[in-house]
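Thanks for making the time this morning.

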Amino acid sequence: MDADPSQTYRPEAGAVPGKPKADFRNYTDGTLLDRVYNTYLLMHTHQTVDFVRRKHVEYGACSHRRLSIMEALDLLDNLVDESDPDVDFPNSYHAYQTAEGIRTAHPDKDWFHLVGLLHDLGKILALSGEPQWAVVGDTFPVGCKVQKSVVFSDSTFHDNPDTRNPLYNTEYGMYRPHCGLENVLMSWGHDEYMYKVMRFNNFSLPPEAFYMIRFHSFYPWHTCGDYMHLCSPEDRHMLPWVQEFNKFDLYTKSEDLPEVKQLRSYYQSLVDKYCPGQLYW
């Protein structure tokens, strides 16, 4: 299998002491590499324009279940992300790791702390019948040429029919220059799903929070600088916020697992403030 072609894939700032930056997002070797590669192979084979459009129709109405934020978070006790080369523990712990990292660095922005807790809740899709390749992993635009910074781009797209479709395999594909990411169809996964849940349930969070949730897995954009030809001025304005969030999403993974019981009451207070009650998912 091919290695990740981008040596800039691992952000340069904010690394946790004790683990070299180059050890994060290592797609060249490691004990989890086969699992990770196979997940991306399935993702890059089946994530097409038609598939993504079907998922938007299926989940856009948020009519599948009623759950509170904390109930959804508890479900992630049962999920290990098969696309992640860095960790092999339940995703609920990563939510608290990220949130606590943000809380330490930005003590005055409680909404930002909550974003850390919320960002991966869309992965509950993998616990209700969706395969992990349709839930986890880095995202990328469908409907246009795949950029080289997409993980395993050289070895996993050969069976994706969109790569042979002249409507979709050019630099702009089905999009206009600088059309804005809000008009771009991203590969389907937990980012877009959680964004839809937040919008449907009217979370009272600032626009930066919605951007962080929706695009935190879009590494080819926020870390490698690709797909800028599709971005609007608003996307460029929001990019530093997504990059700031990424420091904590990525580098807190090497910390000790948090004492969840001690943290729960604080985060419950933020949930009550910004997104209370039983939500539609």
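**A buried lysine, salt bridges and a helix pair**

Let me start with K196, which, apart from its neighbours within four places in sequence, is in contact with H56, G60, C62 and W188, where contact means heavy atoms within 4.5 Å. This is a predicted model, in which local features need pLDDT of at least 70, side-chain atom pairs count only at pLDDT 80 or more, and totals for chains, interfaces and linings use all residues. Residues are numbered from 1 along each chain as its sequence is written, and side-chain values use heavy atoms, with hydrogens and water left out.

K196 lies in helix α6, residues 190-200; helices here are DSSP runs of H or I with at least four residues, numbered from the N terminus. K196 is buried yet has no salt bridge, and the nearest side chain of opposite charge, E192, is 4.0 Å away. Buried means under 20% relative accessible area, exposed over 50%, and partly exposed in between, with a 1.4 Å probe and protein chains only. A salt bridge is a side-chain nitrogen of Lys or Arg within 4 Å of a carboxyl oxygen of Asp or Glu; as to charge, Lys and Arg count as positive, Asp and Glu as negative, and His and the chain ends are not counted.

A search of the whole structure finds ten salt bridges, and one of them joins the side chains of K55 and E130 at 2.7 Å, N to O. Here K55 sits in helix α2 (residues 49-59) and E130 in the loop between α5 and α6, 75 residues apart. Both K55 and E130 are buried, and K55, E58 and E130 are linked in a network of salt bridges.

Finally, the helix pair: the axes of α4 (residues 91-105) and α5 (residues 110-118) come within 7 Å and cross at roughly 160°. Axes are lines fitted to C-alpha atoms, for helices over the stretch in contact, with angles from 0 to 180 degrees between N-to-C directions. The two helices are therefore roughly antiparallel, a label for angles over 145 degrees. Among the residues making the contact are A95 and Y96 of α4 and F112 and H113 of α5.

Technical notes:
Angles under 35 degrees count as roughly parallel, over 145 as roughly antiparallel, 65 to 115 as roughly perpendicular and the rest as oblique.
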